[in-house]
Amino acid sequence: LEMQREMAEKYMEIGMVMSSSKLYEKLDMFEECVECLAMSQRKDEAMKKALEMIEKNPTAKIICIYGELSADHTYFKKAWKFSKKKFARAKRMEARYWLIKNEPQKAIKAFKKALGVNNFHASTWFTLGCTYLKVKDF
């Protein structure tokens, strides 16, 4: 199983996304499978599979992935709550959503919560700094 997982990762590295997706599905690594489907422009299929997972065996990651695919920021909040405020990606995605909506103060709040869980995420620090510059709060 470990070799098959590594093979799926190698497929991804060389751009064989659908082969990787099928292998991940065979290995019951459905979150990775959904991400591969999304990368290969099969958004509808990815969303369907993500919803099935949310109904059967939800995880913070798949809830967050569905939020990304559907562009529905409420799923980032659901993922955050589901994880008991431990899944930093949910807050990072929520922050990016608020940046797109030109709500920098809400983005700053979400970035800070994400960094409270994982302060080693360099791109989050960078984007938080840029957001502070945008609101001239430095």
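**Figure 1. A salt-bridge network in the predicted model.** Here we meet Glu32, Glu35, Lys61, Glu68 and Arg89, which are joined in a network of salt bridges. This is a predicted model, and 11 salt bridges are found in the structure.

**Figure 2. Glutamate 68 with arginine 89, two members of that network.** Glutamate 68 sits in helix H5 (residues 60–70) and arginine 89 in helix H7 (residues 88–100), so the pair links distant parts of the chain, 21 residues apart. Glutamate 68 is partly exposed at 32% relative accessible area, while arginine 89 is buried at 18%.

**Figure 3. Lysine 49 paired with glutamate 25 in a salt bridge.** The closest N and O atoms of this pair are 2.7 Å apart. Because lysine 49 belongs to helix H4 (residues 43–56) and glutamate 25 to helix H2 (residues 17–26), the contact ties together parts 24 residues apart in sequence. Lysine 49 counts as buried, with 15% relative accessibility; glutamate 25, at 33%, is partly exposed.

Figure 4. Glutamate 13 and lysine 10 meet through their side chains at 3.7 Å, N to O. Glutamate 13 is exposed, at 59% relative accessibility.

**Figure 5. Cysteines without a disulfide.** Searching the whole structure turns up zero disulfides. For cysteine 33, the nearest cysteine sulfur belongs to cysteine 36, 6.7 Å away. Cysteine 33 is buried at 1% relative accessibility, whereas cysteine 130 is partly exposed at 35%.

Notes
Residues numbered from 1 in each chain as written. Predicted model: local features only at pLDDT ≥ 70, side-chain atom pairs only at ≥ 80, totals over all residues. Heavy atoms only, no water. Disulfide = S-S within 2.5 Å. Buried < 20%, exposed > 50% of the residue type's maximum accessible area, 1.4 Å probe, protein only. Salt bridge = Lys/Arg side-chain N within 4 Å of Asp/Glu carboxyl O. Helix = DSSP H or I, 4+ residues; strand = E, 2+ residues; numbered from the N terminus.
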